[in-house]
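Please look through the structure shown below, and then follow the paragraphs after it, which take up a few of its features in turn.

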Amino acid sequence: MAVVQGWKNWYPGRLGYVDFVFGLDNLRNDGRGCEDYRSLDLETDVVSNSSGSSRVRLANTDILVGVKAELGEPAADKPSEGRIEFFVDCSANAAPEFEGRGGEDLALAISNTLAQSYDNVSSLDKRKLCVIPGHQCWVLYVDILLLECGGNLFDAASVAVKAALFNTKIPNLDVTKNEKGEPSLELRDDPFDCMRVDVAAAPCLVTLNKIGYHHVVDATREEESCTLARLIMGVTADGNVVTLKTEKSGSLDPESVFEMMQTGKRVGISLNNTLSAKLKQEETMAPKKGKKAFLR
Amino acid sequence: MLKSKVFMLKTKKGSIMKIVREHYLRDDIWCGFLACELCSHDDEKQLPVLELSPPTSSNLCPGSHYLIPDTNVLLHQIDVIEDKSVTNVIILQTVLQEVRHRSAPCYKRIKDCIDDPGKHFYVFVNEFHKDTYVERLPGESSNDRNDRAIRISVMWYGKHLALSDDSLRVVLLTDDVANREQAKQNGIHAFSMKDYVKSLGNASDLIDKLSTDENKVIDGKPLYPEHLPLSQIQEGIKNGKYMQGTFQASRENYLEAYVNIRDEEHQVFIQGHDYVNRAIQDDLVAIEMLPEDEWTCPSSWVLEDEEEKGDEEDIKEDEIVRTSTGKKSKIPSGRVVGIIKRNWRQYCGMLQKSVLKGSNRHLFVAAERRIPKIRIETRQADVLDGQRIVVVIDSWPRTSRYPQGHFVRKLGNIGDKDTENEVLLLEHDVPHSSFSGAVLKCLPSLPWIITDDDLTHRVDVRHLPICSVDPPGCTDIDDALHCIELSNGNYQVGVHIADVSHFIRPGTAIDKEAANRGTTVYLIDKRIDMVPELLSSNLCSLRSEEDRFAFTVIWEMTKDAKILSTLFHKSIIRSKAALTYAEAQLRIDDKSMKDDVTEGLRRLNSLAKILKKIRIRNGALTLASQEVRFHIDSETHDPIDVQTKELRETNSMVEEFMLLANISVAEKILDEFPDCALLRRHPAPPASNFEPLIRVAETRGFKIDVSCGKALADSLDAANIQENPYFNTMLRILTTRCMMQAVYFCSGMCAKSDFPHYGLATPIYTHFTSPIRRYSDVIVHRLLAVAISADATYPELLDKHRSQSICNNLNYRHRMAQYAGRASVVLHTQIFFKNRILDEQGYVLFVRKNALQVLIPKYGLEGTVYLMDANQQTMFTYNEEESTQTCGDVSLHMFDPVTVQISIDSTNIQHQKLCMKLIKPVIPNFSVNPCQNITEDQPPNKKLKN
């Protein structure tokens, strides 16, 4: 089987999907192998008034993520940790079925999966987001906007979230205590004096779609419509699986679940590594002359 | 070119916001140089601008150059910058914005410089110029970024100007050493303000205006505790440890003060050098309460900072003050821990020359008693001696006994009446410059005629027997009256008020000027008009036998003053007579006069008596304050005699109808505009205000009931002493001092329960009857005109927030006008006594610990008889409980009649004071002998020689 080869392996597919799938060398109707992703465009820092943002375009799937860091109170059971909250908005422009409250279920599914995968010490160290234990912490509000649906929303959203978090800059605060011992916060004068979010261990979601006897990653909308069951995994760069859930009506026998997990892990590690490398590369590039994302 | 500016902000709630602003850079901004061929510019529009070859006399930088000051230079050396010899300055936008942010008054003064075509100031918007915009670098503070922006602009100017004229240079003025070093590395000519000014030829005047260096360390041990840093203060205020409020120094004792706590009614008392800790009148300060066992109370000392004291001398007065505090009721006391905002302004006063010969450091004594002495540096002390000068404070280091300041300008000779009037007006912030061209343009052209159009919109009442009654010499007559008997036996009473709002249209230059001035200010020998003279003394003034526009209130009344109907309309009137109070009184009393006007006056008089009775029955107070008249010598304009104003029946007659008109109008406009009527209220004073009054009345066996206005009025009426007829008047004077200030307000901004006017005992009141001299009345006229559909409305009139801000200004101006008026009386009293020594009958108004405060009814004058000699020794025993001073078998109580000798104490020729010495009761070794009332045969206006 082919390995994920970065973002370049785009094979214009000509074969009819229904007639014949995976007939020749496990090729899919667009010419990809089962573990190949489509070409993915990524840009960070696209929304200037958010703390961090990114935009991901995976073929026709288009996702914009903004992270807003605000001060809030920590959860009662985790007084010395910050919080991260996800909210997904399915734009009615993306798909006609999203109109009204049509996208709500999907939005909830994506945000729950992301929340679950990030609610884990090995994915994100939220203790660094704590400002005053028990009183104040940073809350990262992650807003995910689906602009266009071209299949594989979960994976694309998770990549965009990880990129946006990587891009997030949180102002450093000085905590001073007065004589009564009451803490107060002071903002530093320098707007460049910021803290970054460590996303080295942040997970990416990998969706494995069971089609016939095969399972494929990065399914197109057509492939998704043929999928009877799918497995969504949150995988970190170390290969830790932090989320696992099945979806759709079909059932999976234990053996193929195991097989799919092996694939998912392999693809996930590769995806994480490629993403991290590209994000670092983007940052070292000369300061951008202008934002590209919406001006192309 | 689009850039975006990003910055973080902490909101009041404590959340942190990231704010992004778009910032567009331009390539078409002009450099301000007329001959520049590189920049696009429209020569005709963009004036005033830099001169082509600016004159220069600097030996540091020979050759033509422009100056570019940095922010701190503008802030601290504004007096130099303002000087007319400083021209051709380029003000960078970065600098202007910083100044605006840090000091609004300074910003205004710079704007005035920029607007002055003779100064050739040019504002360069460097922040929007594509070549001079700089983005903040990581790790750079915003101050550093601004300094860099300034340097970049100066460099750009240097290169840019060289392309047009290579002899031109730009000079950066900065007092920051590090900035200067960096600038020199960049090849910029940079000097400190001091060096630059000193390099100018014949600049001794400018050198005096240089602000002293704030950071200069003055050797010597610290005399005052350190002020806390602002962050700590804010912290403390938040958690309730400190409180903030405005600092109000005592007029009588320079070591005592009160702080009016913000948002609360009570005051906190501050006493002593350490606790006052360099706070100056009107500063916004942070204070800490003292523990209750350290609370004190005002010491009853009258203390003045007399002699110059060296820094090294210990501050001894503290001890005197503290130890002398009796065990009387202690009041909440505190100490100043820090200054939140200085409210320094320019102070008028005079120089107190240093005793050391040849010293450049002198003290400055402000005319305002609550301002401490200020140390200034000047080389022209001999010239300034004997002159009134203006000085500002630069700083007050811990090691200095006095604040440090610098000289700004001179006003004229001390004792010169024009100079003194100028001082008075400046000190009370009275706008008194002549009216600008824009204002005068709003005036109607003469001859002014009444058009047919006017006749259709106004009721013609020129046939009515209208007359005006005013004080003698009044030229701004804004009210006139009439009263005729109707066929049904009732009276028709009309009050006609000058229709000023016809001439002052909203939004015009004249309207804005009048709104700012707020009121006409009356000094003894001068009137500072609110509107130009053409209006105040001619077109609006209801002169006799001339057709004038008026706003009329007509009542139908029964003979016992019951109002049957009220009617408002705009009208044309023709006053039949402009009378003085005395003339009107004569006409009423002269039984032989039977003309319409006189008959009208008699009817008005009888109605007024009834109205007054009703008013007093409702609990209106009759209060006393001393008003005096000066007889002014027609040639020298010096006062030759003083007497208290006489009150006639006619005064009261006019007053009653004005009150009635005001109340009727107030009801009408409140009815029509419940949310935006401009009204006047007089809050009932809190009971605690009356405590001193009640206490002193008790010493004479009278009980003053202050439960309500009526009770107070009745108990004041009952308090009479046979052998001391002046006692009652004095009680009323004291009562007046317990009262609150009456204020204008906008009805939508105040609870209905706060509307009543306490002094007049009416539920609602406004000012309608003097639009020539009060802006409030103009607004009320406009409201009333809209209410009766005689005029169109405009948005600002109905905006309650706008109205309230107008009210706030009016209240301030009104108060200042009163103070200025009183100060003018004091000034003239001093001039009057300059060459006189008089023995006068007076009464003890207050008994203080070391002095008596004596009131001289004949002159309405209050003065102090010191009971102690220079060494704080006294022959008197002070009884705090009963407020008496006893010496041998003579004891002095409050209200006791005394005879005092009044003279001017000229021992310190710079600082003349009214001096009073006791004659009667005779106390051996203390009282002085009576003199014949001598008037020295000197011309009274002889100038003082130093």
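Over the face of which residue does B:Arg458 lie? B:Arg458 lies over the face of B:Phe549, at 3.9 Å from the ring centre, where a charge sits over a ring if NZ of Lys or CZ of Arg is within 6 Å of the ring centre and within 35 degrees of the ring normal. In chain A, the charged end of A:Arg196 likewise sits over the ring of A:Phe166, 5.5 Å from its centre.

This is a predicted model, in which local features need pLDDT of at least 70 and side-chain atom pairs count only at pLDDT 80 or more, while totals for chains, interfaces and linings use all residues. Residues are numbered from 1 along each chain as its sequence is written, chains are lettered from A and ligands numbered from 1 in the order in which they are written, and side-chain values use heavy atoms, with hydrogens and water left out.

The mean pLDDT (the predictor's confidence in each residue, from 0 to 100) of chain A is 83, and 86% of its residues reach 70 or more. Over residues 1–21 of chain A, however, pLDDT stays under 50.

A search of the whole structure finds 15 aromatic pairs over all chains, counting rings of Phe, Tyr and Trp (its six-membered ring) whose centres lie within 6.5 Å, with planes under 30 degrees apart called stacked, over 60 edge-to-face and the rest tilted. One of them is the stacked pair of B:Phe124 and B:Trp156, with 5.2 Å centre to centre and 15 degrees between the planes. This pair links distant parts of the chain, since B:Phe124 belongs to strand β5 (residues 121–124) of chain B and B:Trp156 to helix α5 (residues 142–164) of chain B, 32 residues apart; helices (H or I, at least four residues) and strands (E, at least two) are DSSP runs, numbered from the N terminus. Both B:Phe124 and B:Trp156 are buried, where buried means under 20% relative accessible area, exposed over 50% and partly exposed in between (1.4 Å probe, protein chains only).

The backbone has points to notice as well. B:Asn277 has a positive phi of about 45 degrees although it is not a glycine, and this residue is found in the loop between α10 (273–276) and β11 (284–289) of chain B. At 1% relative accessibility, B:Asn277 counts as buried, whereas A:Ala59, which has a positive phi of about 50 degrees, counts as partly exposed at 26%.

How values were computed. Contact means heavy atoms within 4.5 Å.
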